[in-house]
Amino acid sequence: MSWIREGELNLLEKISANILMAGPMPKHVAFIMDGNRRFARKKKLERHDGHMQGFNKLAETLRWCKHLNIPEVTVYAFSIENFKRSKEEVDGLLDLARQKFERLLEEQENLEKHGVCIRVLGDLNMLPLDLQEVIAKAVVMTKNHNKCFLNVCFAYTSRYEITNAVREMAWGVEQGLIKASDVSEALLSECLYSSNSPNPDLLIRTSGEVRLSDFLLWQTSHSCLVFQSVLWPEYSFWNLCEAIVQYQLNHKSIQKARELHRDEQALQQLEADCACIAEHLQHQGNGKPADAQRRQEALQHYTVAREERVQDFLQALKHKRDTFFTNLCSETILT
């Protein structure tokens with residue numbers, strides 16, 4: 001089954017989509033695709049068949065998002081917690097992923113036509129090497145596409161992602177790229193796996209569970225959360241429309257909360273910079289207070305220097321992550 005589904009909406013769906021798109025639309029939607037196993041039990045299918053139906057529904061949902069002009073989708077495909085399931089189920093899920101990413105490589109022309117960029121977020125080192133390699137090929141093959149984006153969270157949990165971001169900042173300090181005083185909430189956001197994406201506007205969880213299950217905890221603090229009772233393989237265009245309506249009803253309050261948070265972050269950064277400058281000037285002046293003009297000049301100089309350090313660090317971090325994927329691709333060629 002193809003990742004990229006062709007085909008138009010039917011007449012009723014087109015009319016409904018046009019009505020929806022007259023209002024504010026989410027630009028980034030995240031899905032917790034829950035209910036595959038319950039669907040299999042309900043239909044008396046094998047678990048593997050339930051997961052296969054779940055993938056098919058993802059491909060269909062991506063088509064709906066394309067028609068609704070939603071350019072970015074993030075899906076929770078495989079949690080680190082999933083490794084605790086039975087070996088048979090884990091092996092089945094990894095085999096399914098291997099098949100689907102191999103199929104993705106066969107769709108290069110279609111992916112290029114639609115400008116689809118595939119990103120995989122998580123710790124790929126937890127996966128078998130052959131799966132790492134096929135994932136890396138898909139990521140590298142589509143990295144320059146920029147019309148729409150599919151982020152697949154695989155071997156992922158949010159707490160692990162946040163912990164890893166802290167490790168990356170510690171690495172930056174150890175390498176002398178940044179100072180400990182440069183560490184901030186904004187910098188941590190830039191060190192997450194999802195740093196190339198805006199935060200989701202809308203997060204949808206299916207199957208009736210009302211929890212986030214360690215998914216995008218940092219990124220969804222100012223997102224619209226919608227919990228729907230339908231099992232993921234039974235998800236419909238109308239379920240997606242319902243979730244978007246919920247987003248539209250809450251759009252103003254979400255935007256206001258985001259603006260307040262941006263202002264608060266900027267104020268916190270200014271206060272941190274001022275504290276660093278005050279300490280530096282006090283040390284230079286042997287405890288004597290500096291005049292206002294000198295403090296302002298020192299603040300401007302420090303801010304520019306900090307921003308340059310941070311940008312150099314983020315470039316080094318990007319290079320490190322890009323190199324991980326390109327090295328995996330090179331290993332595949334050599335073997």
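Select strand 1 to begin: His28, Ala30 and Ile32 point one way, Val29 and Phe31 point the other way, and all are buried, where buried means under 20% relative accessible area, exposed over 50% and partly exposed in between, with a 1.4 Å probe and protein chains only. In a regular strand the side chains alternate between the two faces of the sheet. Strand 1 covers residues 28–32, and five of its five residues are buried. Strands here are DSSP runs of E with at least two residues, helices are runs of H or I with at least four, and both are numbered from the N terminus.

The model is predicted: local features need pLDDT of at least 70, side-chain atom pairs count only at pLDDT 80 or more, and totals for chains, interfaces and linings use all residues. Residues are numbered from 1 along each chain as its sequence is written, and side-chain values use heavy atoms, with hydrogens and water left out.

Strand 2 (residues 72–79) pairs with strand 1 in the parallel sense over four bridges; two strands pair if DSSP finds at least two bridges between them. Within strand 2, Thr74 is the bridge partner of Ala30. Strand 5 also pairs with strand 1 in the parallel sense, over four bridges, and there Arg205 is the bridge partner of Ile32.

From strand 5 (202–205), step back into the loop that joins helix 8 (185–190) to that strand, and select Ser194. Is Ser194 buried or exposed? Ser194 counts as buried because its relative accessibility is 12%. Apart from neighbours within four places in sequence, Ser194 is in contact with Leu121, Glu161 and Gln219, contact meaning heavy atoms within 4.5 Å.

Now move to helix 7 (residues 158–174) and select Val173. Val173 has 33% relative accessibility and therefore counts as partly exposed. Beyond its neighbours within four places in sequence, Val173 is in contact with Ile178, Lys179 and Ala180.

Then select residues 87–114, where UniProt, in an unreviewed entry, places the feature "coiled-coil region". In the model this stretch is 96% helix and 0% strand, with its end C-alpha atoms 37 Å apart.

Finally, show the whole protein. Its secondary structure comes to eleven helices and six strands, and its C-alpha trace spans about 80 × 55 × 40 Å along the principal axes. Of its 335 residues, 47% count as buried.

Terms used: UniProt positions are given in the numbering used here, feature names are shortened, and annotations may be inferred rather than shown by experiment.
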